[in-house]
Amino acid sequence: QFQFEESGGGLVQPGASLRLSCVVSGLSLDSTAIGWFRQAPGKERELVSCIASGGHQQYGNPAKGRFTISRDNIKNTVYLQMDSLEPEDTAVYYCGAGDIGYYSGINYCGGGPSMYGYWGQGTQVTVSS
C-alpha cells in the first residue's frame, strides 16, 4: 500500500522559513495528485498546496505568495518550501494522495481533504516569538 512520511517541521520565529518533505512509497508521483494539508487545534484540515499528476500547482489562500510546492520524481518526494512564516501557520502539516480514480491523468489537484487519503503521521510546525 501507499505510505507517506512527512518531515521538516519545527519551532521557528515569525518571518523564518522551513522546507517540509514528503517521501512517498508505493506510488508514482505522476500517477495522481499529491497534496499538503494542515490542521490547527480545533480547526478543520485545510488545503495548503497540491501538485497534479501533470505538474500543475495549486495553493490555498494562506499559502499564496509565500509557499512553493515542488516534487522530485526520482526521489519520489514532494516538498513544501514555506517562507515568511506567521504564527497563523502553526499546525500539523500532512501530505496525502488524491483519489486516483479522480485525479489520475488530469492536470488538476484542487479539492478538500475528503478527496485525499493515505495520510502520513504529520509534522508539527510552530511559529512563535
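## About the model

This is a predicted model, in which local features need pLDDT of at least 70 and side-chain atom pairs count only at pLDDT 80 or more, while totals for chains, interfaces and linings use all residues. Residues are numbered from 1 along each chain as its sequence is written, and side-chain values use heavy atoms, leaving out hydrogens and water.

## S53, a loop residue

Let's start with S53, which sits in the loop between strand 5 (46-51) and strand 6 (57-59); strands are DSSP runs (E, at least two residues), numbered from the N terminus. S53 is buried, at a relative accessible area of 8% (buried means under 20%, with a 1.4 Å probe and protein chains only).

The side chain of S53 has a polar atom 3.4 Å from the backbone nitrogen of G105, and one 3.1 Å from the backbone oxygen of I106. Residues that S53 touches, beyond those up to four places away in sequence, include L29, R71 and Y103 (contact means heavy atoms within 4.5 Å).

## I34, in a strand

Next comes I34, part of strand 4 (residues 34-39). I34 is buried, with 0% relative accessibility. Beyond its neighbours within four places in sequence, I34 contacts F4, I51, V78 and Y116, among others.

## The nonpolar cores

A nonpolar core is a set of buried Ala, Val, Leu, Ile, Met, Phe, Trp, Tyr and Cys residues joined through side-chain atoms within 4.5 Å. The largest one has 27 residues, and F4, W36, L80, M82 and Y93 have the most contacts inside it. Strands 3 (18-25), 4 and 5 are among those that each supply at least two residues of this core.

Another core, of eight residues, lies apart from it and includes L47, C50, C109 and Y116.

Technical notes. Helices (H or I, at least four residues) and strands (E, at least two) are DSSP runs, numbered from the N terminus. Buried means under 20% relative accessible area, exposed over 50%, partly exposed in between (1.4 Å probe, protein chains only). A polar contact is a pair of N or O atoms within 3.5 Å; within protein, one must be able to donate a hydrogen and the other to accept it, and residues adjacent in sequence count only if both atoms are side-chain atoms.
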